[in-house]
Amino acid sequence: MRRIAAEQCYRLIEPGPIVLVTTCMDGEMNVMTLGFHMMVSHDPPLVAVVLGPWDHSFSALRATGECVISVPPASMAEKVVDIGNCSGADVDKFERFDLTALEASHVSAPLIAECVANVECRVADDRMVDDHSLFILSAEAVWIADDADSQRTLHHRGDGVFAVDGEIVDHHARMTKWRDLPLAGRGLGG
């Protein structure tokens, strides 16, 4: 084994697929690329995300208390990187990247039609925002593409390197302790 810098641990303990976060404030939609997020609880469904004042979406999330977390397919890899390389303060990213905004049912932020899944969220806890830029979000509604189980997602490995998820291994029958959890051990569609 070789030792690496502690700051690089995010490259190993990657929480899930790279996501896009949409916001809408004063009628202006924005989307950003996000790799720092994690599940906090399944009941109630809570997700933690890190957005800081350096992100254009930060002020919209802070002001409106709502967003959508969209999971892009691996086929959008270049677009996902390019979305993260520009600011919504300077460009309409929905127009530049030809994204289709769909109306959400619980929040003003849009869903993204090209994504595998969309999770409508409201801020449930913002006590860690000032110290750690960490928002705890409550999932209000989840939308899954009809072909979600056949699409692969991107996983950030750091420094512009991504992995695409691979074969799905189903051990649902072995999950005796967690058998009653919805979607336990199964793909996105259940």
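Start with the hairpin formed by E1 and E2. Two residues sit between the strands, and Asp26 in the turn has a positive phi of about 55 degrees. A word on what you are looking at: this is a predicted model, with residues numbered from 1 along each chain as its sequence is written. Local features need pLDDT of at least 70, side-chain atom pairs count only at pLDDT 80 or more, totals for chains, interfaces and linings use all residues, and side-chain values use heavy atoms, with hydrogens and water left out.

E1 covers 19-25 and E2 covers 28-34, with Asp26 in the loop between them. Helices (H or I, at least four residues) and strands (E, at least two) are DSSP runs, numbered from the N terminus. E1 and E2 pair antiparallel over seven bridges. Pairing here requires that DSSP find at least two bridges between two strands. Met25 stands opposite Glu28 in E2.

Is Asp26 buried or exposed? Exposed, with a relative accessible area of 75%. The classes are these: buried is under 20% relative accessible area, exposed is over 50%, and partly exposed is in between (1.4 Å probe, protein chains only).

Asp26 also belongs to a patch. Asp26, Glu28, Asp92 and Glu95 gather in a patch of negative charge on the surface. Patch members have over 30% relative accessible area and no salt bridge; like charges are joined within 9 Å, and nonpolar side chains (Val, Leu, Ile, Met, Phe, Trp, Tyr) within 5 Å. The areas come from Shrake-Rupley with a 1.4 Å probe, and for residues only the protein chains shown count as cover. Asp and Glu count as negative, Lys and Arg as positive; His and the chain ends are not counted. Each charge is placed at CG of Asp, CD of Glu, NZ of Lys or CZ of Arg.

Next, the other strands. E3 (residues 37-42) and E4 (residues 45-50) run antiparallel, joined by five bridges. They form a hairpin with two residues between them. Met38 stands opposite Ala48 in E4. Look at the loop between E3 and E4: Pro44 is there. A cis peptide bond joins Asp43 and Pro44, with omega about 5 degrees.

E4 has another partner. E4 and E9 (residues 134-144) pair antiparallel over five bridges. Val50 has Leu134 in E9 as its bridge partner. E9 in turn pairs with E8 (residues 117-125), antiparallel, through eight bridges.

Now charges. How many salt bridges does a search of the whole structure find? Three. The criterion is a side-chain nitrogen of Lys or Arg within 4 Å of a carboxyl oxygen of Asp or Glu.

One is Asp130 with Arg62, at 3.2 Å, N to O. This pair links distant parts of the chain: Asp130 is in helix H4, Arg62 in helix H1 (residues 56-64), 68 residues apart. Asp130 is exposed at 65%, and Arg62 is partly exposed at 35%.

Another is Glu66 with Arg122, at 2.8 Å, N to O. Glu66 is in strand E5 (residues 66-71) and Arg122 in strand E8, 56 residues apart. Glu66 is buried, at 10% relative accessibility. Arg122 is partly exposed, at 31%.

Then Arg127 with Asp125, at 2.5 Å, N to O. Arg127 is exposed at 69%, whereas Asp125 is buried at 16%.

Back to the backbone. Most residues other than glycine have a negative phi, and most peptide bonds are trans. Asp98 has a positive phi of about 50 degrees. Asp98 lies in the loop between helix H3 (93-96) and strand E6 (101-102), and is exposed at 61%. Asp159 also has a positive phi, near 55 degrees. Asp159 sits in the loop between E10 (154-158) and E11, exposed at 63%.

Last, two distances. His132 in helix H4 (residues 129-132) and Gly52 are 80 residues apart along the chain, with C-alpha atoms separated by 8.3 Å. Met175 and Val129 are 46 residues apart, and their C-alpha atoms are separated by 35 Å. Met175 is in the segment after E11 (161-164).

That's the tour.
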